[in-house]
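Have a look at it alongside me.

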Amino acid sequence: MKHCTLKHFAVFVLSVGLLFTACKKGDAGPQGEEGPAGPAGSKGDKGDKGEAGSANVIYSGWLDVAYTPAVSSTTGDTLAWEAEIAAPKIDNAILTSGIIKVYVNAGTPTQPAVFPLPVTDLFALTGLLNLNLYFTAGKINLYATDNASTYTNTSGVKQWQYRYVLAPGGVGARSAIDWNNYEQVKAYLELKD
C-alpha cells in the first residue's frame, strides 16, 4: 500500500509542477464595471500657508507732511492749514471704483496712536481740531483748523506722520472690515510698519 501511495504522490507532484511551468499569461480580459463608492475618508492635514495676498493694494510708508497757512487776502488771518501728499498711483480707476484711506499717527513709531482721517477732535488745551481731506488724480489734499504738520518732539522722535492705503476696485468684498479701524486694515492687508 505504501508503494502505491508514494507512486501517487510522485505523480501528483509532477503534475502540479508541469501545471505551473506550462501556464503562460494570456491577454487581459475586458474592464469590469465600477463598483460602489466606499465610505468617505478622514479629512487630510491642513496645507501650508499660501503666499500673502494684497489684492494689488498700494500703501505708503509713514510720511512727513508739512502744512502751510491759508491766509485771507483781505484780513491777513489764517483761515485754515493746507497740505498735499503726492500719491501718483491715485488715478481715475481708484477715484471712481477703489478705496482711498489716509491715517495719521499722532503718537510715535514705538507708541503709535493711529487715527483714520477725517478727524474732528476736541483738545482740552488747543480747542477743536478738524482735519479733512479730498482726493484728486495723483494727490491727497489735506485741510485742518490748526497746524497738523509732522514734527519732532523734545525726545527727538517724530509725531503726526501720515500713511495712505489704496485698494483698487473690481473684486467683491471678501470680509466685512472697518476701514476706519487702522489695526483691522493693517492686519487684513498685512501692512508692514
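My entries below go from the whole chain to single residues.

**Ground rules.** I am reading a predicted model, in which local features need pLDDT of at least 70, side-chain atom pairs count only at pLDDT 80 or more, and totals for chains, interfaces and linings use all residues. Residues are numbered from 1 along each chain as its sequence is written, and side-chain values use heavy atoms, with hydrogens and water left out.

**Confidence.** I looked up pLDDT, the predictor's confidence in each residue, from 0 to 100. Its mean for the protein is 82, and 77% of the residues reach 70 or more. Helix H1 (residues 2-22) has the lowest confidence, at a mean of 58, while strand E8 (residues 139-144) has the highest, at 96. A reminder to myself: where pLDDT is low, the predicted coordinates should not be read in detail.

**Overall make-up.** I found three helices and 11 strands; these are DSSP runs, numbered from the N terminus, with helices (H or I) of at least four residues and strands (E) of at least two. Along the sequence the pattern is α-β-β-β-α-β-β-β-β-β-β-β-β-α. I then checked burial (buried means under 20% relative accessible area, exposed over 50%, partly exposed in between, with a 1.4 Å probe and protein chains only). Of the 193 residues, 26% count as buried.

Four strands make an open sheet in the order E1-E11-E4-E5, with antiparallel pairing. Strand E1 (58-59) and strand E5 (114-116) are its edge strands, each pairing on one side only. Between strand E4 (residues 99-105) and E11 I noted seven bridges in the antiparallel sense. Here isoleucine 100 stands opposite leucine 166 in E11.

Where is proline 168 placed? I found proline 168 in the loop between strand E11 (161-167) and helix H3 (182-189). Proline 168 is partly exposed, with a relative accessible area of 36%. Glycine 98 is 70 residues from proline 168 in sequence, yet the two are 4.3 Å apart in space, C-alpha to C-alpha.

**E3 and its partners.** Strand E2 (residues 68-71) pairs with E3 in the antiparallel sense over four bridges, and proline 69 has tryptophan 81 in E3 as its bridge partner. The hairpin of E2 and E3 has six residues between the strands, and there glycine 76 takes a positive phi near 80 degrees. E3 also pairs with E8, antiparallel, over six bridges; glutamate 84 has asparagine 141 in E8 as its bridge partner.

**Cores.** Next I looked for nonpolar cores (sets of buried Ala, Val, Leu, Ile, Met, Phe, Trp, Tyr and Cys residues joined through side-chain atoms within 4.5 Å). The largest has 25 residues, and among those touching the most other members are Tyr67, Leu131, Ile140 and Trp160. Strand E3 (78-86), E4, strand E7 (127-136), E8 and E11 each supply at least two residues of this core. A second, separate core of nine residues includes Val57, Ile177, Tyr182 and Leu189.

**Aromatic rings.** I paired rings of Phe, Tyr and Trp (its six-membered ring) if their centres lie within 6.5 Å, with planes under 30 degrees apart counting as stacked, over 60 as edge-to-face and the rest as tilted. The count came to five aromatic pairs. Tryptophan 179 and tyrosine 188 are edge-to-face, at 6.4 Å centre to centre and 85 degrees between the planes. Trp62, Tyr103 and Tyr182 form one aromatic cluster.

Note on methods: Two strands pair if DSSP finds at least two bridges between them.
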